[in-house]
Amino acid sequence: MLKTVLPYLLTGIAVGGQYALIAIGYTMVYGILRLINFAHGDVFMVAGILMVYIMASGLPLYISIPLVLLLTAAIGFVIERIAYKPLRSAPRMSIMISAIGVSYTLQNLVLYITGGLNKSYPKIPFISESVSIFGVNTKMVTLITPVLTIVLVVALVLLINKTKIGMAMRAVSKDFETSQLMGIKINNVISVTFIIGSVLAGVGSILYFTNYNTVIQTSGAMPGLKAFVAAVFGGIGSIPGAVVGAFIIGICENLIKGLDIILFKAGLTNTSYGLATFSDAFTFALLIIILIVKPTGLFGEKITDKV
Amino acid sequence: MMKNTRSGSYAQPQEKTVKLSTVLSALVILLVYAAVFVAEQTLPSTSILFTVLKKGATYALVAVSMNLLNGFTGLFSLGQAGFMLIGAYAYGILTIPVEQRMNVYQYYDGGIVQFALPVVPALIIAGLCAAAFAFLIGLPVLRLKSDYLAIATLGFAEIVRTIFQWDKLGFLTNGSNLLREYPTFNDFNIKGADGEVTLYLSTLVPFIIAGVCIALIVLLLRSSYGRAFMAIRDDEIAAEAMGINLAKHKQIAFCVSSFFAGIGGAMLAMYQNTVQAKAFTSAMTYEILLIVVIGGIGSVTGSCISSFLFVACSEWWLRFLDQKQMIGNFEVPLLRNGFRLVVFSIIIMIVVLFFRQGIMGTKELPDLFKPRRGGKKPKRSVKEKAEQAKENAKEALQAEEQITLTAAEAAETGAAVAAEAAGEEAASLKDKAEEAKEALKEALAQEAAAAAEAETVEGGEA
Amino acid sequence: MKKILAIILAMMLLIPSFALADDIVKIGVFEPASGDSGAGGKQEILGMQYANKVQPTVMIGDTEYTVQLVYADNASSTDKAPSAASELVNQGVSVVLGSYGSGVSIAGSPLFAEASIPAIGVSCTNPQVTAGNTHYFRICFLDPFQGTVLANYAYKTMGITNAYTLGELGNDYDQGLIKYFTEAFTALGGTVMGDSFPNGTADFTPYITNAQMYGSGVVFAPCSIAYATLIIDQAAGQNAEFALLAGDTWDSNMVLNAATGTNLNILISTFYQEGGNEEFDAGFKAWLNSDAEAMTNNGGNDIIAAVSAMGYDAYFVALEALKAAGSTDAKAVNDALWAVTYDGVSGAIAFEATNGDAVRDQAYIKTVDTATGAWQFVAVQGIE
Amino acid sequence: MREIVMQMDNVTMQFGGVVAVDSLSLDIYKDEIVALIGPNGAGKTTAFNVATGVYAPTNGRVLLRGKIIAQGHPTGKMKHMYAGTHIGEYNKLISHTPDKICQMGMARTFQNIRLFKNMTVLENVLVARHMRLNAGFFQSALNLNLHEERRLRRECSDLLDMLGLSDLMYENAASLPYGKQRYLEIARALATDPRILLLDEPAAGMNPQETDELSDFIRKIKEDFNLTVFLIEHHMNLVMDISDRIYVLDFGKLIAEGTPEEIQKNPAVIAAYLGVEEE
């Protein structure tokens, strides 16, 4: 039984780690601006495209990876300044629409540049290699992802809890207006948030696309949406929540894809129901259920209405 | 106590202009329909103009139905594509002629449904199916706040898409395969005995269907229920305190919107000649949302105008951007496949960022025919207004000062955490801050407006 | 502001009417240049463009007409297809070529029918494209044929009895082929298990694991190229021992790129095998190498996709029809098409009389030489 | 004995560890004007919110014209955190949503004005009549209740006339000056046909002259609409001027009740307001 489930678990954990890195960007931005940054998934995709072009230009790996992360951070920063900052006092719906607009723009821009053809992602030595673990063949990246994710998350939590900017971020997410009155430079805090989120999405994109080696303009949409679901599932605004949520969703999704065969091997069925079909639908069903049962997510804090 | 020189005399002319502008609007709409009818009889029926008009009419209905939710009730729902899908499939499943079913359901032995309904009942059932799904999903999700609702409805649409593609339901939905051979817009053309079309109605009919549906939505918006929806949009808490049952009214708005989205989906099915669940993605919802935004959130007229503009631009006028163009021997740079979409998305971003009101803001067609009020105001009231504004500003400033002080106090005792725990105090504090800020903004705006007005009046006199 | 906008829009209306009017015959290219099938659509267009380069004029009656290709991107989506079709009709094309993908062809079909414009399907293999109409023709084989051919090959030639199918959910091409494959394979005595993956899937490892767990000897995955490369890469990563089997969509150098250096066994059925016509191959490669944009659209190298050859043939079939019709009138072209025969690079093309489908009874089976990264001819396979 | 319109029995409202209202009991009789006063943060608005159904009381109950409209006792985590008294007296949980309570005859205004900003003055008032609509959904949605609609508009414009807002009927609510917005909020509350009207700081932001006008106005509507009025206010002149009785809250606890004269003399009240020198 374990032998049947193990390969699914392994990929589930890897996918979960990649979702987690994207989900952090969502959860941090939401924590501060109360905005679903619909463009975040596309920033993730753009990071992938950048890597394709930068590696194609012949730069060595140790320059191109930092360069990709730097450019991704810059994109996150610019998006915030252009598309969200002018709307700070506008109704929330306007900002969200702006986010959808940015997502649309990024996708179309990439479509134009790549000609709508899928680009194969450059192979990165070491992490692209195949390994065998407990008799299951997989890529090195599958093993590295969860470890790297945890390391980055711990670093981030330390940053938030121990540094001045981290304190400012916490204050802003608690109470936007008051912290502004307290003299916190809101715009800087928000920019930093976007930069951190984008860099993590950049790291996520390197891991993700090394695993699934094709980038196309729509590559960011689904992982983005799922990462957001993960963020909501874990309790939006909470970084550990987002990470836990992402791992749960990654694992569940993969188990469902293999559910037919797991049931088959367990002797429960002998026909195929095509349950794998519902791997994506399940994620959204999970979202709706969690929102109904516990709207604040697993680790979310309760927000009381004011009258 | 509030004696005013304009008292009483104001309401009367208002009533009259309302009537005049309504008549004018009706006239304009009538003209549009007449133009469509005439164009269809005179221009070649294969002109792309009609393709665009058909899709425009379809999208107009869907956009208005989305506006009913997002713009008038303040419910940010992103499930429109899902409800359209339900409508489109319901229509297709119910209207495919029996003799064609073997052909269409080629992998499912002709499917389970072995009858065909006429178009109009099928359209209504399509709407009802969408509304029924909306009712079920609305029960749990409508309690959610704005962006959670958005993401939940988006997820719902994805789930619906998956279910409709599941091959185990193929006997009903034809699984991943297309539904086709059902009556489309072209079947509305009236043909003579020789098979030649004698009267072209394939564009007018979608206009009529969309027109009737939009008219029903407008009637709803003008009714007491419409006012309740807008009250919920403006202030949920106050609306509830004024006796409006939030759950019930949100549910009504959601179901009505989905009903018409379902009909819109059925129209889209007629336009596309085929239905395939694959096409009803969240990208479609975003497209409709952008139409609503460009037209003006909270304006039915705006949604209609912008849907035609959007469809015409994206699928007709801007197509030349996708191909190399030569001006003489000079090849215009940048033009190649995909450029159209880039230009298009930049236009959208400009609208979203700089013209947030969209084309119409919250204005409707009749508002365009009303005389502008600004110019008529006597000079005195301008000055009064300016003074009032200044006073307001002063007050607001004082209020804000006070808030800063109290906020500082709060900070001393443990900053935001304490403030939140303090329940009422925090709430009132924040509200005051908001109130003051708003008042200040308003006051400043009023002052500026008043000053500007005063200037123009004075300038005019000089 | 609004006035300026209105003026701009009015000007845009005028631009398309600049086209000049001396002895030009327009051929519509109804192909996806974006969306899921964008890559395949572009390769199909390449064949037409090259053909246009080779033969830019046509004698109709006594006049020499210049052939102009008019493009409309149907974005691989049924909701964009009608307006793209309408655009072609509006431009006054005499005949339409395309599309890659059957769903969009069916969605555009009634618009061509209404304008009495014939269409020649290049690689749309769904029977429903041509069934029950007189204006849609096609030069490729059909899904039932292809599915059966592959099942026969897998069962009889490869000797495999346990197959796994993997297709995109909601994609009629994938699901149709799988349906026919499964029917034929089980009829022969084999067993088939299968899954469908949702649109936008990137993670295929669980499906590959599924196939391994079922102990399938062959995985039949006739999906679009975007997914094909992912499946290949991940199957290689998991040291898959099964053979990968697919239809004509996989006949792309992107598949080659992905498969090179792995030890997978990939087999596909297709319309054309490079080397089938030396002259065409050489000319096409030369053209690709001279045109940077064409090269990009072909995926960055000069390996010839079968759909390019098909596009090339379709163009010449259209010219034959124009010649036979003796006029640029679409209706006349439609009538003439029934009798057109043409000896193309992908074989002899003739249309059967009920639906206008190509008379083809053979498909090429080829495999990837993973060491050199080139297609290798395996067999010509018919239904029997 | 006069009829009690509203009654609060040992209402406690606790947020986390903070007790905002502590075992508050009060009775409001028919035709009275009663004020609830107290320093900032005393829990006045919270008490209003409990009465109107915005918050469910942590413990205690509220009655409107003899019917229980809210009753609660600590549940869940609150069981362990509860710091109030009278535990175990209100075992049955009863709660109504604010709209239901409004329909039962209790209307309110808000401390921070909550008008429907994008609607006209007339529409604001019409919204308040919505729940009294006779026509069903379809009848109304298809505009078939023309007669009723016309009657509603007439009633509402009469009401606005009475409140001196009729000349602003077609203005956008948000464009009204601050003072008028306060009046409009009251007009809107009156349109719900209330038996008891709860005013949350109606004079906030008004100058002395406007405040005087307001007290006349409150008296007038009380008479004209046959109302009972319960208000929170900081302007002591207004409170002392119009109140029949006054309740004083401090730190969530009731520290005094009585006529204006009694309250003015009450040492506890003076201490709460001015602070007491310790020791």
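**View 1. Leu197(D) stands opposite Val229(D), a residue of strand 9 of chain D.** The model shown here is predicted. Strand 9 of chain D covers residues 228-232, and strand 8 of chain D covers residues 196-200. These two strands pair in the parallel sense, over 5 bridges.

**View 2. An open sheet of 6 strands in chain D.** The strand order is 7-8-9-3-10-11, and the pairing is mixed. At the edges are strand 7 (106-108) and strand 11 (253-258) of chain D, each of which pairs on one side only. Leaving direction aside, neighbouring strands of this sheet are turned against each other by 20 degrees on average.

**View 3. Helix 1 of chain D lies across strands of chain D.** The helix is formed by residues 44-51. Among the strands that helix 1 lies across are strand 3 (33-37) and strand 10 (245-250) of chain D.

View 4. Along the principal axes, its C-alpha atoms fill a box of roughly 65 × 45 × 40 Å. Of the 279 residues in chain D, 49% are buried. Among contacts in chain D with a separation of 6 or more, 69% are between residues 24 or more positions apart.

Methods: Residues are numbered from 1 along each chain as its sequence is written. Chains are lettered from A and ligands numbered from 1 in the order in which they are written. This is a predicted model: local features need pLDDT of at least 70, side-chain atom pairs count only at pLDDT 80 or more; totals for chains, interfaces and linings use all residues. A residue is buried if 20 or more other C-beta atoms lie within 10 Å of its own, exposed if 12 or fewer, and partly exposed in between; C-beta atoms are placed from the backbone. Two residues are in contact if their C-beta atoms, placed from the backbone, lie within 7 Å. Two strands pair if DSSP finds at least two bridges between them. Helices (H or I, at least four residues) and strands (E, at least two) are DSSP runs, numbered from the N terminus. Axes are lines fitted to C-alpha atoms, for helices over the stretch in contact, and angles run from 0 to 180 degrees between N-to-C directions.
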